[in-house]
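Subject: Structure handover

Hello,

Here is the structure for your files. My notes follow below it.

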Amino acid sequence: MNLDIRRHGDTGTLAGDLASALLARLEEAQARGEVPHVGLTGGSISEDVHREVARRATESAVDWSQVVFWWGDERFLPADSPDRNALQARQALLDHLPVDPANVHEVPASDAVASAEDAAASYSETMRSQGAGFFEVLMLGMGPDGHIASLFPGHPAVDAVDEIAVAVHDSPKPPPDRVSLTFEAMDRARAVWFMVSGEGKADAVAAALEVSDRLPTPEEIRAVPARGVRGQVETVWWLDEAAAARL
Ligand SMILES: O=C1O[C@H](COP(=O)(O)O)[C@@H](O)[C@H](O)[C@H]1O
């Protein structure tokens with residue numbers, strides 16, 4: 001099993017250590033001559049992590065023009081909505097780095113395409129045309145209900161097959177319309193890094209890891225979607241003590 005659980009005293013330490021590990025991972029990939037693809041996430045912890053990466057970036061040897069950015073999910077909203085995962089990541093991270101704009105692949109916003117279906121199709125096509133989908137690192141937050149990206153417990157999008165990204169409607173968490181990578185797309189990541197903090201997530205963390213010693217059944221994944229993603233080489237749970245409290 002390629003599972004690793006890293007516990008930290010608090011969210012700040014977690015975000016700092018994760019940021020350093022991400023920078024090291026990108027440096028290593030570039031030293032191997034690769035152009036690493038990174039999957040970013042939204043959610044409560046992402047801002048802390050993004051700010052830490054931006055803060056430490058100047059001390060790293062990462063060539064930011066040679067890193068490709070994607071998102072694991074997006075809220076289907078206008079491009080300037082502060083609730084867009086992409087806008088949040090730009091403000092906390094990407095606007096502070098010398099990235100190549102051509103390497104930043106947002107899910108299309110609701111003022112650019114007619115529907116979440118169109119956004120999912122366009123995002124899938126971009127990923128396909130880039131030969132991408134094989135993330136060096138895919139970061140995933142997790143909700144207190146065990147959702148990851150925009151795959152929610154018992155929701156039809158959880159059962160999507162043969163697709164890269166899907167439209168999500170009637171999301172139990174606002175906004176109702178979203179776009180999410182599927183399990184199949186997320187499972188192609190070399191490393192999957194869950195990042196979870198806070199007591200409110202402790203039950204979901206325990207539930208997700210309850211079946212980590214074997215392949216979960218489709219029913220078990222439907223109940224707690226975080227059970228359904230594993231990295232090709234490694235799966236790391238970055239937790240603070242509060243989130244790890246029920247392990
Ligand atoms: O809405 C979303 O929720 C999850 C988890 O968010 P959190 O605020 O409970 O930490 C996040 O990972 C996802 O990217 C986002 O769109």
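How many bridges join strand β6 to β7, and do they run parallel or antiparallel? Four bridges join β6 (residues 165–168) to β7, and the two strands run antiparallel. Strands, like helices, are DSSP runs numbered from the N terminus (E, at least two residues, for strands; H or I, at least four, for helices). Two strands count as paired if DSSP finds at least two bridges between them.

Two remarks on the source. This is a predicted model, in which local features need pLDDT of at least 70 and side-chain atom pairs count only at pLDDT 80 or more, while totals for chains, interfaces and linings use all residues. Residues are numbered from 1 along each chain as its sequence is written.

Strand β7

Helix α4

Helix α4 (residues 116–129) has 14 residues and should span 20 Å at 1.5 Å a residue; its end C-alpha atoms are 20 Å apart, which agrees. The expected span is 1.5 Å times one less than the number of residues. Its buried residues are A116, A119, A120, Y123 and S124. Seen down the axis of α4, they fall within an arc of 130°, so they line one face of the helix. The arc is taken from the directions from the helix axis to the C-beta atoms. These buried residues pack against β6 and β7, contact being C-beta atoms, placed from the backbone, within 7 Å. On the other side of α4, E125, R128 and S129 are exposed. Just after the helix, G131 takes a positive phi of about 60°.

Ligand

There are 14 residues around the ligand, of which G42, G43, S44, G141 and G143 come nearest; a residue is counted if its C-beta atom, placed from the backbone, lies within 6 Å.

V35

V35 lies in the loop between α1 (11–31) and β2 (37–40). V35 is partly exposed, with 14 other C-beta atoms within 10 Å.

Regards

Terms used:
A residue is buried if 20 or more other C-beta atoms lie within 10 Å of its own, exposed if 12 or fewer, and partly exposed in between; C-beta atoms are placed from the backbone. Two residues are in contact if their C-beta atoms, placed from the backbone, lie within 7 Å.
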